Amino acid sequence: YQGSRIFNWVAELSGLAVDQVNFVIAQFSALALSSVFRTVLHPSKSSPAIRHVFGLLCGLIIGFFCFGNQAIHIAGLPALCYIFICTLNPNIMQRVVLAVALVYLSCLHLHRQVYDYASCSLDITGPLMLITQKITSLAYSIHDGAKQESELTKNQLKYAVKQIPTALEYFSYMFHFPVLMAGPLVFYTDYMDFIHGTQIVLEPSPSVVVFKKVNVAILCAIVYVKLIPMFPIQVIKDNDFIEKMSLAYKFWYLTIATMLVRFKYYFAWILADAICNNSGFGFNGYKADGSAKWDLISNIDIFKFECSLSLRDSIEAWNIGTNKWLRMTVYERTKNYSTVFTYALSALWHGFYPGYYLTFANGALFTFASRSMRRTLRGYFTGSSKSKFVYDMMTAVTTRFVMPYITFPFVVLEFWPSIRFYLHMYLCLHLMALAALYVVPRII
């Protein structure tokens, strides 16, 4: 870890690693700075240039504090891609930028995997994954801006960029401090609307929603720190657990262990949402009851994910910014095998641990299986509200089993321990997925 060691004493007192302490300090510092950004540097009081510079400088300081000399990478990749954005033909530029960004990111993923295998320490690949999303989404938006509107989908038209950003606009977008450390992904058009204040009609105070989100984030952190040692996911590699525990117990343990792992992401994403909202970013109109919505760039819907009625709903509620990026970059631009290519890009973006590829391969398989079951069975349950309720309960229960089953390799990271565990679970859900694809549609 190459970040600052100033707060080693806090790490020793708290029992946390210094990189975790630095992350928390950086995010709560960003929370305080975002209040300044919303009040002192409000669009009605400051020029866009000043808001750009303030966000850029704060992002650079936070990046250097957390990553030390590694922070050169969060400047190097955007600088390299900016050259391609400014010089290449818009018809091919987006593909070159995507390739360059993924190769750069992949090199750092491989470096970490070789020299710090399976480490959970904070490192530059996290922010660089987010910057890769920004760079490539901007490149595709500029590409779309050079096309006829009739050629674009609704999303592409919404995020199309007609002019190449200036250097200040570009780099302030890359390093904007509220989203530097944990996202969420902000598309360039939304960012520029926020900087200029062009979408503000009646701006509500975010104080209440920020207070709620900060408290939810703290609660998630407490749950994670206190309970994760009681249900370590690595237990599934133990011979006694694999060979002696029943299938039902394995499913129960997987469900609890993977759910607790998610609380780490809930903490980071909900706190990041609060930081954005505290800066005035994320207002998304009003609900029917008159309350303000602050979910324009939210990265997670905890309730929807944990209580989803289908696999599709779960995926849509998880890492929402990345889902939008994948849809805009791959899914809407490929005619054949769009689902496979989308999962493949997601796996490559995450890195090269075998567990990632098992999880996303499973994701593709079960996505196809769930679509097949929906096409085959749903029509029989739409005749009344009672039958529709029965269908929803069936899919909800199935989803509760499927999610931990397909995602635990993502946490374990290793190939053979994951395969071994699947074999000792008799590949039960894999066989059911294959039946959903090839057997059920022929019988019904």
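**Domain interface and salt bridges**

Domain 1 and domain 2 bury about 3600 Å² between them, and carbon and sulfur atoms give 69% of that area. The size of an interface is often given as the accessible area lost when the parts come together. The model is predicted. Domain 1 spans residues 7-196 and domain 2 spans residues 206-442. Their centres, taken over C-alpha atoms, are separated by 25 Å.

Contacts across the interface involve 45 residues of domain 1 and 36 residues of domain 2. Between the two domains, 15 residue pairs are in polar contact, with both residues at pLDDT 80 or more. By class, the side of domain 1 that touches domain 2 holds 24 nonpolar residues, 17 polar residues and four charged residues.

The search for salt bridges across the interface of domain 1 and domain 2 returns one. A salt bridge also joins the side chains of Asp144 and Arg333, with an N to O distance of 2.7 Å. In the whole structure, the search finds eight salt bridges.

Among the salt bridges is the pair of Asp123 and Arg112, whose side chains meet at 3.2 Å, N to O. Asp123 lies in the loop between H5 and H6, whereas Arg112 lies in helix H5, so the pair ties together parts that are eleven residues apart in sequence. Buried means under 20% relative accessible area. Asp123 counts as buried because its relative accessibility is 13%. Arg112 is buried too, with a relative accessible area of 17%.

Another salt bridge joins Lys244 and Asp240, with the closest N and O atoms 3.7 Å apart. Both residues lie in helix H11 (residues 239-244). They are four residues apart, about one turn of the helix. Lys244 has a relative accessibility of 66% and therefore counts as exposed.

A salt bridge is also formed by the side chains of Lys304 and Glu316, at 3.8 Å, N to O. This pair links distant parts of the chain. Lys304 sits in helix H13 (residues 302-306) and Glu316 in helix H14 (residues 311-317), and twelve residues separate them. Lys304 is partly exposed, with a relative accessible area of 32%. Glu316 counts as partly exposed as well, at 39% relative accessibility.

Thr189 was examined for its surroundings in the fold. Thr189 is placed in helix H9. With neighbours within four places in sequence left aside, Thr189 is in contact with Lys158, Tyr159, Ala160 and Val161.

Notes
Residues numbered from 1 in each chain as written. Predicted model: local features only at pLDDT ≥ 70, side-chain atom pairs only at ≥ 80, totals over all residues. Heavy atoms only, no water. Domains from an automatic or database assignment. Contact = heavy atoms within 4.5 Å. Buried area = accessible area lost by both parts, 1.4 Å probe. Salt bridge = Lys/Arg side-chain N within 4 Å of Asp/Glu carboxyl O. Polar contact = N/O pair within 3.5 Å; in protein donor to acceptor, adjacent residues only side chain to side chain. Nonpolar A, V, L, I, M, F, W, Y, C, P; charged D, E, K, R; others polar. Helix = DSSP H or I, 4+ residues; strand = E, 2+ residues; numbered from the N terminus. Buried < 20%, exposed > 50% of the residue type's maximum accessible area, 1.4 Å probe, protein only.
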